[in-house]
Amino acid sequence: MYHISDIKKMEKCNRLFWLSRRKTHEHIAYVNYNENMNELIKERMMFGKNIFEGEKNDDPMLAIQAYEDKKVLLNARFAYDELRINIPVLIQENNKTILYMTYRNCYPKETEAQYIADMISVLEQLNICVDEIYAIHLNANYIRGKELDVFSLLKISDCLYNNHNRGGHKIVDLVNEKKRDITEVIDRMKRIDAQKDVEIKRTTACTRGNKCSFYNDCFEEEGVASITNLVQSQYKYMMKDNGITRLKDADISRIEGSRHQYAQIMADRNGGLFVDIPALQVWRDENIEYPISYLDFEWETYAFPPYEGMKPYDVLTFQFSLHVEEKKGSELKHIGFIGEGDCREQFIQKLLSSVPECGTIMVFNMEGAEKLRLRQLAQQFPKYEEPLRKLWERMVDLSLPFATGNIYDVRMAGMYSLKVLVPIFSKYRYDDLAISYGMDAVAKWRIYQTSKENEKKIIYDELTQYCAMDTYAEYIVYHALENMMDA
């Protein structure tokens, strides 16, 4: 049996669809969906008692029977010719059948129109005609009070949204443009699924956004100096197909010419390392002042605002690690914090009391992380805005020398995260820790809050070691740059 979501996979990549039928990958949800959407919808829509509510692995005949005698179908499982769909909400009233698509996000996109059109095509094969279509989604402007107000949280719209989050085109019109013969789509899935293997084709979809979860099933690991590691290049695979395999041999007429690309090519030509020492020295002289506070946060993202003052998809920063270097070469002092529940104000107070009143605050990729987190906390707790502002105004981004191409080591293989840089500049490795990735830390924190004391102590130590490794890694990387500047 196929699911409607398999069509999306197939149309993104035949091999992705084929592999997904044969392999599974462990996945930690980036977002905490901390409320049951079905329960919120029932409260919002006030359905009453004449309702059918489907369950996982229901026989599709149950939904067909329910359509005959129930006014409301919620999470109903239908099937046609080995393709199953789950209809979020289907209501029959005033001689009309109304479909409500539900989304646990704020701006369901117009690209959803094909998905909806295919679902409706399945219903039509079952002699169910949909007259109206609406989307139920989260209100991006909703700010939670003491209690969750489901009527303000959930919006009902007859439009989908473009890439600028503007709604203009009605769902029913978008869907009508996407109608197609669903039997042909099903036949195509069957043909692909029946193959012994599927041709590997490298496209931008392989690495766009997050790298495909099956990337390593299709492509062998490239060498560190491979032309495929050239950043922001639309021609790198074309060059590889033309026999250019190394960064040092890049066709200059087919590169965009960014400083980062220049650093990569020169690193390969210079034996593996490119360093613009004068540029690094200018960056240091303009930004670095002792004491240096190496700082890192961990946070959880909630789809539904769990606490007062929060919006949909706001984050809760539950941990920080701080290593303080009073003067160059002095012994590091470490301070940490791990909170539970609504620990936002505790986090702020502990942070403000721990960071030295002067000197540089060193972070890595600060704009979308630590700096943004402090701005959000300042909005939620205005009384702390001024001292928090003083912190983020002192922040210096350690990733900038790498992002701007002032330094490149071919072992970076086109990346410059702390996890990549630490084993290049030291003997340490994140893989030696019980927690080695940010989402692992989030998953552990979710468990931590409801654990018994013995397990909680173990997780607390693991979280502390991981976050402390991030700030110690900042220390390692910064002093590696210092050594290059002073050599």
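Select Tyr448 first: at 5% relative accessibility it counts as buried, because the cut-off for buried is under 20%. This is a predicted model.

With a relative accessibility of 33%, Tyr460 counts as partly exposed. Tyr448 and Tyr460 form a tilted aromatic pair, with 6.3 Å from centre to centre and 40 degrees between the planes. Tyr448 belongs to helix 18 (residues 438-448) and Tyr460 to helix 19 (residues 453-486), so the pair ties together parts that are 12 residues apart in sequence.

Next, look at the aromatic rings elsewhere. The whole structure holds 16 aromatic pairs. Select Tyr2 and Phe17: their ring centres are 6.0 Å apart and their planes stand at 50 degrees, so this pair is tilted. Tyr2 sits in strand 1 (residues 2-3) and Phe17 in helix 2 (residues 14-20), so parts 15 residues apart in sequence are tied together. Both Tyr2 and Phe17 are buried.

Then select Tyr294, Tyr428, Tyr472 and Tyr475, which ring pairs link into a cluster.

Two arginines come next. Arg104 lies over the face of Tyr33, 3.7 Å from the ring centre. Arg373 lies over the face of Trp299, at 4.6 Å from the ring centre.

The last stop is Arg344, in helix 13 (residues 344-354). Is Arg344 buried or exposed? Its relative accessibility is 3%, so Arg344 counts as buried. Show its side chain: there is a polar contact with the side chain of Asp342 at 2.7 Å, and another with the side chain of Gln380 at 2.9 Å. Leaving out residues up to four places away in sequence, Arg344 touches residues including Tyr307, Glu308, Leu377 and Phe381.

Definitions and conventions. Residues numbered from 1 in each chain as written. Predicted model: local features only at pLDDT ≥ 70, side-chain atom pairs only at ≥ 80, totals over all residues. Heavy atoms only, no water. Helix = DSSP H or I, 4+ residues; strand = E, 2+ residues; numbered from the N terminus. Buried < 20%, exposed > 50% of the residue type's maximum accessible area, 1.4 Å probe, protein only. Polar contact = N/O pair within 3.5 Å; in protein donor to acceptor, adjacent residues only side chain to side chain. Contact = heavy atoms within 4.5 Å. Phe/Tyr/Trp six-rings, centres within 6.5 Å; stacked < 30°, edge-to-face > 60°. Lys NZ or Arg CZ within 6 Å of the ring centre and 35° of its normal.
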